[in-house]
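The sequence and the structure are shown below.

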Amino acid sequence: MNSTSSTGTGGHAGNGAPVDAVVVGSGPNGLAAAAVLAREGLSVHVIEGHPQIGGGTRTEELTVPGLLHDVCSAVHPFGVASPLFLDLLLEEHGLEWGFAEVDVAHPLDGGRAGILRRSIVETAAGLGVDGRSWKRTFGPLTAKAPELAGDVLGPLVGIPSHPLTLARFGISAFQPATLLAKRWKEPETRALFAGIAAHVYRPLSQPVTASAGMMFIAMGHTYGWPVAKGGSRAVTDALASLLAAHGGTVETSRVISSLDELPPHRVALFDVGPHAFARIAGERLPARIRKAYEGYRYGPAAFKVDLAVEGGVPWTNEQVARAGTVHMGGTIEEVAANEAALHQGRMPDRPFVLVAQQYLADPQRSVGDVHPIWSYAHVPAGWEGDATEAILDQFERFAPGTRERVVGRSTSSTAEMESYNPNYVGGDVATGANDPLQVLFRPRMTLHPYDTGIPGTYLCSSATPPGAGIHGMCGAHAAARALKHLRS
C-alpha cells in the first residue's frame, strides 16, 4: 500500500534528453525541491532508487491486510506549519490533516500523565500549579509561532526575518532541557516537557536541548500535532501530484552511484546524506568539502515496532487513550538518564519509546476494531540487538494487558531502518547528530549549506538545514539556490 509513482516514460529524461533539473531521491525534500523548480516552469526529472517514492513518508500494510502503518514518519507538527506546504496549497492535491482530541500524552507510573492539547489554556488548566508558568513560557512563542517557524525552518547562520522573536526564543532554547524544566514543580509537567525535548536525540543535560521541546510545543499550541489522512504517504502523493501537474516526471528503481550516470541537466539536487554524496561525486568533489562530508556525524538510532491491536491499547489513564502521540519514558530523570546512556553506547532497560495512535484522527487506517499502533525506541547508533520486548514492557507498564490484545506485529532493526532508507545511517532517523556545532553548521561549515562545491549541484536532504522533519524546507532552500544559479 505504498504510494505509487509515475515513471519516466514521458517527459524529458526517459530517453536521455536534457532537462533543466534532475533530483536524486524522492523523499519529501527531494519532491519538495522538484515541485518548487517545476512550478517555476523548469523541466524536472526525479530519480528514485527504491521501487516506491516517498523516503520517510511511505505507508504500508505491515501487520494485517488493510491496516495502514506509516513506515517511518508518522505525526507532522512541522508539516502543518511548513511555510512551503502552505505556499504549495497541497490540500488542492489531496493532502488533508487529521487531529486527535489530545495532541501529546506522557504517562507516569500510577496512572498519572502530562497532557498537551492544542489549546494552551486547556493545557495549562490540566497542569495544576504549573499552569501559569506554562502559559508564561509558551504563550509569547505561540503568539509568534508563524514568524518563528519561518526563521527556525531555515539556515541558522544568516540574518533572521524576525530577529526579536528569534532572540526571545533563543534565550530559553539554548538552555539544557533539564534546567528549563526546573521552573515547573509537578512531575507530570516536567515529564511532558522532557518527552517532547527528547525528540532532539541528545542528553537532556546538554545546552540547546530545550530548543526542540520549545519549538514542538509552540507549534503544537498553534497548529496541533496532526497526521496525514490516509497515511504519511498522502504527503508524498500530494507533492508528486503537484510535480506532475507542472510537467515533472519520476523514475523509480534506478540507483545513481556516480554523477556520470545522470541525464544531461543544468542543475542537480541530491536528497541523500553527505557520506553518500561524497561517494557519488568522487574526485569531482573539492578535497576540503569531501573531508567535511565524510566527517559528518550521525547520532543514536531507532528500533521500530508496529502493532495491530484489537480494541486499542488499554492505557491506565483515559486521556492517554485519546492522544495521537504518546511518549513512554517515565519521569524527567528517567528520560534524561536513558538519553545520556545512548550516547555512551548503552541500551537502557527501559528505553524512551515514541508511540503514535494515528487512527484516532484517521479511522480509515483501522480494520474494524483492530487498530494500527506505531512505535519506536531510542537505541544506540547501529545497535544490533532486538528491542521488541523492551518496547512491549513499556506498553505493559502504562497499559497492562497490551500483549494480550496484539494480533500482529512487524519490527525494524537499526540495520533494517537503514536498508529501508539509506539516509538513516546506522538507524539514525534524525539523519545526523544534533550536537550544537553540527546543528549550526550542517552538513559543513559554510554560509551556503546546500552548495556542494560543484557548480550547479546541491544537497537537499535532511542533513541540510533545518534538519529532520516532514516540512520540505530543506528541498525548498536548496531549490532557491539552484534557481539563483540558473538565473545568474
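In this predicted model, alanine 105 stands opposite valine 326 in β12. The contact belongs to a parallel pairing of strand β6 (residues 102-107) with β12, made over 3 bridges. Strand β12 itself spans residues 323-328 and is mostly covered, with 6 of its 6 residues buried.

β12 also pairs with strand β13 (residues 353-356), here in the antiparallel sense and over 4 bridges. Within that pairing, methionine 328 has valine 353 of β13 as its bridge partner.

| Helix | Residues | Number of residues | First to last C-alpha | Expected at 1.5 Å a residue |
|---|---|---|---|---|
| α10 | 210-223 | 14 residues | 20 Å | 20 Å |
| α11 | 233-245 | 13 residues | 18 Å | 18 Å |

The reach of α10 is close to the expected value, and the reach of α11 is likewise close to the value expected for that helix.

Burial of the helices can be described residue by residue. In α10, 14 of the 14 residues are buried, so this helix is largely enclosed by the rest of the structure. In α11, the buried residues are Arg233, Ala234, Val235, Thr236, Ala238, Leu239, Ala240, Leu242 and Leu243. An α-helix has 3.6 residues a turn, so residues three or four places apart point the same way.

What follows each helix? Just after α10, glycine 224 takes a positive phi of about 90°. Just after α11, glycine 247 takes a positive phi of about 90°.

Terms used: Residues numbered from 1 in each chain as written. Predicted model: local features only at pLDDT ≥ 70, side-chain atom pairs only at ≥ 80, totals over all residues. Heavy atoms only, no water. Buried < 20%, exposed > 50% of the residue type's maximum accessible area, 1.4 Å probe, protein only. Helix = DSSP H or I, 4+ residues; strand = E, 2+ residues; numbered from the N terminus. Pairing = 2+ DSSP bridges. Expected span 1.5 Å × (residues − 1).
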